[in-house]
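Welcome! Please take a moment to look over the sequence and the 3D view, and then try each exercise before reading its solution.

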Amino acid sequence: MSDSEDMTEFASIVERIERGEVPIKNIERELICPICKELFTHPLILPCQHSVCHKCVRELLMLNHDDSFDAGSECSLPGSPRSRVPSPSMERLDRLVRSGSISSPGWRRGSVTPRVTTIPCPGCQHDIDLGERGISMLFRNFTLENIVERYRQAARAAVAIMCNICKPPNQQEATKSCMDCKASYCNECFKLHHPWGTPKAQHEYVGPTTNFRPKVLMCPEHEMEKVNMYCEVCKRPVCHLCKLGGSHANHKVTSMSSAYKILKEKLAKSIHYLISKEDQVRTQITELELLISQTEENGQLAERQANEHFERLFETLQERRSEMLRSIEQSRNRRMEQLRSQVEEYQGMLENSGLVGYAQEVLKETDQSCFVQTAKQLHVRIQKATDSLRTFHPAADTCFDEFVLDTSREETLLKEMCFGGVPDPPLIDLSQSKVYNEASICWRLADDHLPTDHHVLEYRRLVGPSQSPSQEDGEDGGLWRATDRVYGSNTIVNDLEPDSLYSFRVRSCRNSMFSPYSPEVAFHTPPAPVFGFLLSDKCGFCTERLVLNKRRDAVESVAGAAFLLAAERVQTGSYISLDYIIGDTGISQGRHYWALKVEPHSYMVKVGVASDTKILEWFHNPRDTSSPRYDHDSGHDSGSEDACYEVSQPFILLTLGMGKLFIPKASSSTANPPASDTGNRVLPMPHRLGICLDYDSSRVFFYDADTMRCIYERQVDCSGTMFPAFGLMGSGKVQLEDFITAKRLTF
């Protein structure tokens, strides 16, 4: 669809809305004042673009003034502010405000009470400063007034607006309303009071209405001036005096007609978009209704499960309670029986009772044989009683300390159980998280998140070395491993396997309640251990065009005057060479990986590896006289890279610049011949570039460090010590990853 057709369709939509062909229904929620919860009455537009009834703004100002005046008082304001503040007519309020009789509600001239001109917006909850002029600085929202009036008329369609001129009982229904006369007329009365050929015939008339608004919107700051411009900074209409010397003097303004056209087109396009997406909206409403139903069902299920859990808990507590009470009762009965027996035994020691009385009767026996027969056993009993009397010990302990329970730990656990305010799941920040031999995982919480006690990060290996995603990791078995409690928003995971795919997730804990897990995020570890180094400021470093930061982990090429002076030699056929810088540590064995970032605005940057002999050759060659067309091993961005080399060289540099990455032409040793065969040698510059040098196999690999996808692979001659090498020309910057430099910077 062409732009003209779009504009035609937008215009038709606007005309339908203006003619009222689009029915006003189901919009009452948009016409309700957020303070009084009723249809708007003389709404004012706040600086935040929300609308509030005129008297609601006044009452809110008075309420704030009373609150500030009565600060520290314990007296509460009874009821709604509307119940205690009279609501004068709109016209009278406007006259009072504009005449200066009142400047702001609740403030008197000469009063020592601070003037209150700040109110909280009920729509966005931001504090709104009305300034020195208070309410008089606000525009009336006439458009909203008209819509409210149309809504009222649609709601009371059976009640007609009567002519203001006809007298009962012959009063007719009004057919027109004059905006200049502010009256409604039937056809006959309108012709009578607006005859042809008179100035009244030029009055503006509309359909029957009871809402009469001014024909021209006047500036609230300069009362006699019409608004004819629109301030794009403040997003409000202004007059020419506001622009010349008022508060909008330094603001960007546009004509009212231009602002009208732009805003109307934007609104029409938005309406057109919403209308075209009606089926989608209905589908989403159906989904939301289904979610409401599922929420209701899941909530009821959660209630039933909670009741079952607590019932089981109550049953367990009741069982343990009954068992403990039964044990206490048995122990009490046993002890009381033992003590009662001891009491009876001691009572027998009393004279003329029990054992003593029986012994006294035995002493009366005169037959020696009978006495001896009975006295032997009796003497043993008497002896025991005598011994117990000398060493008195109760037969049972009266203390029940063994039945005293220490339930403080259980009580603490129960009190820590939180059944509300489950924290929202955190989100792992992909831009801040980095994975090498160690993983630095960062996450963030929602802006309105609840306080959390700690976080738990979990991870598992999905794919190991030389495995496809479909193969299961036999060592870890896909099991999640958790870190210790983390009290910040990031943590380090150690001892990750190289060339493996790991999945990470995190959740928050608050009062022993865990949030749902965050969405899983997968990271691929590098194919080799991280090689730590810094940029060297010794070997051949050019201080004229290269700027090395203090940490020596970033270098920037500055295209200054020296570069422009050297550029004059281009006319003679010479070539301006690259400025090289290398790492301060060399590689002589093993597999090593490092990562870096090239700024997208860089003109040309070369990154890779080079042997010590090749580096010496670069640094000792005259820079401005040698042409790379005659030196295929120079590494410059020239025709040398357009050739295919079957023999390995002591260096390999990949070219990046202007947001692109350039792949050299493929040879038989290239790992990705399909892309080269199709001639697709220009790729978008990756956000982070990884380089892996396998010294023992004499191969170099270039990776997209975010996805660990191999971009380019080539054989290299590793006969000497290999160094990370970088070449810059023009404006450019290279930044080493923190993990590469962290170990070196800690020394």
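**Exercise 1. Is L339 buried, partly exposed or exposed, and what does L339 touch?**

Step 1: L339 has 27% relative accessibility, so it counts as partly exposed (buried means under 20% relative accessible area, exposed over 50%, partly exposed in between, with a 1.4 Å probe and protein chains only).
Step 2: Leaving out residues up to four places away in sequence, L339 touches P394, A395 and A396 (contact means heavy atoms within 4.5 Å).
Step 3: L339 and A396 are 57 residues apart along the chain, and their C-alpha atoms are separated by 6.2 Å.

Before going on, a word on the model: it is predicted, local features need pLDDT of at least 70, side-chain atom pairs count only at pLDDT 80 or more, and totals for chains, interfaces and linings use all residues. Residues are numbered from 1 along each chain as its sequence is written, and side-chain values use heavy atoms, with hydrogens and water left out.

**Exercise 2. How many helices and strands does the protein have, and what percentage of its residues are buried?**

Step 1: The secondary structure comes to 15 helices and 33 strands.
Step 2: Of the 747 residues in the protein, 34% are buried.
Step 3: Now turn to the contacts with a separation of 6 or more: residues 24 or more positions apart account for 64% of them.

**Exercise 3. Describe how helix 9 and helix 10 pack.**

Step 1: Two packed helices are described by the angle between their axes and the distance between the axes.
Step 2: Helix 9 (residues 354-363) and helix 10 (residues 368-390) pack at an angle of about 150°, and their axes are 11 Å apart (axes are lines fitted to C-alpha atoms, for helices over the stretch in contact, and angles run from 0 to 180 degrees between N-to-C directions).
Step 3: Helix 9 contributes L355, Y358, A359, V362 and L363 to the contact, and helix 10 contributes F371, T374, L378, R381, I382 and A385.
Step 4: Sorted by type, the residues of this contact are nine nonpolar, one polar and one charged (Ala, Val, Leu, Ile, Met, Phe, Trp, Tyr, Cys and Pro count as nonpolar, Asp, Glu, Lys and Arg as charged, and the others, Gly among them, as polar).

**Exercise 4. Which residues touch the most other members of the largest nonpolar core?**

Step 1: The largest nonpolar core has 36 residues (such a core is a set of buried Ala, Val, Leu, Ile, Met, Phe, Trp, Tyr and Cys residues joined through side-chain atoms within 4.5 Å).
Step 2: I581, W594, L596, L693 and F726 touch the most other members.
Step 3: Apart from this core lies another, of 22 residues, among them L39, F40, L61 and Y151.
Step 4: Take L596 as an example: beyond residues up to four places away in sequence, its contacts include V607, L689, I691, F726 and V734.

**Exercise 5. Where does P423 lie, and is P423 buried or exposed?**

Step 1: Find P423 in the loop between helix 11 (408-416) and strand 12 (427-428).
Step 2: P423 counts as buried, at 2% relative accessibility.
Step 3: P423 and L450 are 27 residues apart in sequence, with 5.8 Å between their C-alpha atoms.
Step 4: Setting aside neighbours within four places in sequence, P423 is in contact with T452, S508, R510, M513, S515 and P516.
Step 5: One of these, M513, is in strand 19 (residues 513-514) and is partly exposed, with a relative accessible area of 25%.

**Exercise 6. What is the phi of M708, and where is M708 found?**

Step 1: Phi of M708 is near 60°, a positive value in a residue other than glycine.
Step 2: M708 is found in the loop between strand 30 (699-704) and strand 31 (709-715).
Step 3: M708 is buried, with a relative accessible area of 10%.

Conventions:
Helices (H or I, at least four residues) and strands (E, at least two) are DSSP runs, numbered from the N terminus.
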